[in-house]
Amino acid sequence: MIREIGEAATEQGLERGIEQGMEQGMERGREEGKLEGIEEAERNVAKKLIDRDYSDEEISELTSLELKEVTKLRKSLEH
């Protein structure tokens, strides 16, 4: 009987652990998705500013993109 109680408790603990892990994983995934969406929006704005002949420095100041990322984006659009 004690063994059965221990096994049931272990199973419940595992189930709770799996549920918590899944919840944390989904929350982390949502946060990462939001960040990716924001970064993609910033790149889209940067592309428009590049088309309007803004300098890389200006684009970096107006967006949250690093200067080297803006420069890389500009080069990728030239090809």
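Trainee: Which backbone nitrogen lies 3.2 Å from a polar atom of the side chain of T63?

Mentor: A polar contact is a pair of N or O atoms within 3.5 Å, where, within protein, one must be able to donate a hydrogen and the other to accept it, and residues adjacent in sequence count only if both atoms are side-chain atoms. Here the backbone nitrogen belongs to L65, and the T63 side chain also reaches the backbone oxygen of I59 at 2.8 Å. This is a predicted model, in which local features need pLDDT of at least 70 and side-chain atom pairs count only at pLDDT 80 or more, while totals for chains, interfaces and linings use all residues. Residues are numbered from 1 along each chain as its sequence is written, and side-chain values use heavy atoms, with hydrogens and water left out.

Trainee: Is T63 buried or exposed?

Mentor: Buried means under 20% relative accessible area, exposed over 50%, and partly exposed in between (1.4 Å probe, protein chains only). T63, found in the loop between α2 (56–62) and α3 (67–78), is buried because its relative accessible area is 9%.

Trainee: Which residues make the nonpolar surface patch of about 330 Å²?

Mentor: Patches are made of residues with over 30% relative accessible area and no salt bridge, like charges being joined within 9 Å and nonpolar side chains (Val, Leu, Ile, Met, Phe, Trp, Tyr) within 5 Å; a salt bridge is a side-chain nitrogen of Lys or Arg within 4 Å of a carboxyl oxygen of Asp or Glu. In this case the patch is made by L14, I18 and M22, and I18, in helix α1, is exposed at 53%.

Methods:
Accessible areas come from the Shrake-Rupley method with a 1.4 Å probe; for residues, only the protein chains shown count as cover. Helices (H or I, at least four residues) and strands (E, at least two) are DSSP runs, numbered from the N terminus.
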